[in-house]
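Visitor: I'd like to learn how to read a model like this one, feature by feature. Could we start with the helices and work inward?

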Amino acid sequence: KSPEEVQLEAEIRAIELDMALIDLRRELQAQEELLERWEESIRKLKEEREEAEIYRLHTDEDRRDERALKADFRQAQESVVLLRERVQRLEALRAGQDIP
């Protein structure tokens, strides 16, 4: 291949990587915002639970549901961490491939 073809292919790969990074950053931001809203919901649920316990209205089923919700939330947090790490790896890869 000619040097021009090699350079063009490198530029195309860099553009594709930039596009992938844009998409991943957008997804990461959306997931982080979702986690923030979810965390606020859990906080409100905890306040409601504490109030319900005062009046003995909180059932075993409520407790199971709350534990399941918290477990799902932790799993979502872990997924966001993995997504953030993926973005960071791609950013590092992109920084190493900068085209002058």
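Guide: Happy to. The expected span of a helix is 1.5 Å times one less than its number of residues. Keep in mind that this is a predicted model. Now take helix α2, residues 60-96: its 37 residues should span 54 Å, and its end C-alpha atoms are 54 Å apart, so the two agree.

Visitor: And how far does α1 reach from its first C-alpha to its last?

Guide: α1 reaches 76 Å with its 52 residues, close to the 76 Å expected at 1.5 Å a residue. Just after α1, R56 takes a positive phi of about 55°.

Visitor: Next, burial. Which residues of α2 are buried?

Guide: The cut-off to hold on to is that buried means under 20% relative accessible area. In α2 the buried residues are E66, F73, A76, V80, L83, V87, L90 and R94. On the α1 side they are A14, L17, L21, L24, L28, L35, I42, R49 and A52.

Visitor: How should I think about the nonpolar ones, and which residues make up the largest nonpolar core?

Guide: The general idea is that in soluble globular proteins, nonpolar side chains tend to be buried together. Here the largest nonpolar core has twelve residues: L17, L21, L24, L28, L35, I42, F73, A76, V80, L83, V87 and L90. The elements giving two or more residues to this core are α1 and α2. For a close-up, pick L28: leaving out residues up to four places away in sequence, L28 touches V80, L83, R84 and V87.

Visitor: Now the charges. How many salt bridges does a search of the whole structure find?

Guide: The background is simple: side chains of opposite charge can pair when their charged atoms come close. The search of the whole structure turns up nine salt bridges. One of them joins D18 and R94, with the closest N and O atoms 2.6 Å apart. That pair links distant parts of the chain, since D18 is in helix α1 and R94 in helix α2, 76 residues apart.

Visitor: You listed E66 as buried in α2. Which residue does the E66 side chain meet in a salt bridge?

Guide: The partner is R49, at 2.9 Å, N to O. E66 lies in helix α2 and R49 in helix α1, so the pair ties together parts that are 17 residues apart in sequence. Both E66 and R49 are buried; for E66 the relative accessibility is 8%. Not counting residues up to four places away in sequence, E66 touches L45, R49 and H58.

Visitor: Which residues are linked in a network of salt bridges with E66?

Guide: The network links R49, E66 and K70. K70 is found in helix α2 and counts as partly exposed because its relative accessibility is 31%. The C-alpha atoms of K70 and E39 are separated by 9.2 Å, although these residues are 31 apart along the chain.

Visitor: Last one: which residues form a nonpolar patch on the surface?

Guide: I54, Y55 and L57 do, with about 390 Å² of accessible area together. L57 is found in the loop between α1 and α2, and its relative accessibility of 59% is why L57 counts as exposed.

Definitions and conventions. Residues numbered from 1 in each chain as written. Predicted model: local features only at pLDDT ≥ 70, side-chain atom pairs only at ≥ 80, totals over all residues. Heavy atoms only, no water. Helix = DSSP H or I, 4+ residues; strand = E, 2+ residues; numbered from the N terminus. Buried < 20%, exposed > 50% of the residue type's maximum accessible area, 1.4 Å probe, protein only. Salt bridge = Lys/Arg side-chain N within 4 Å of Asp/Glu carboxyl O. Patch = residues over 30% accessible without salt bridge, like charges linked within 9 Å, V, L, I, M, F, W, Y side chains within 5 Å. Areas by Shrake-Rupley, 256 points an atom, 1.4 Å probe, with all protein chains shown as cover. Core = buried A, V, L, I, M, F, W, Y, C linked by side-chain atoms within 4.5 Å. Contact = heavy atoms within 4.5 Å.
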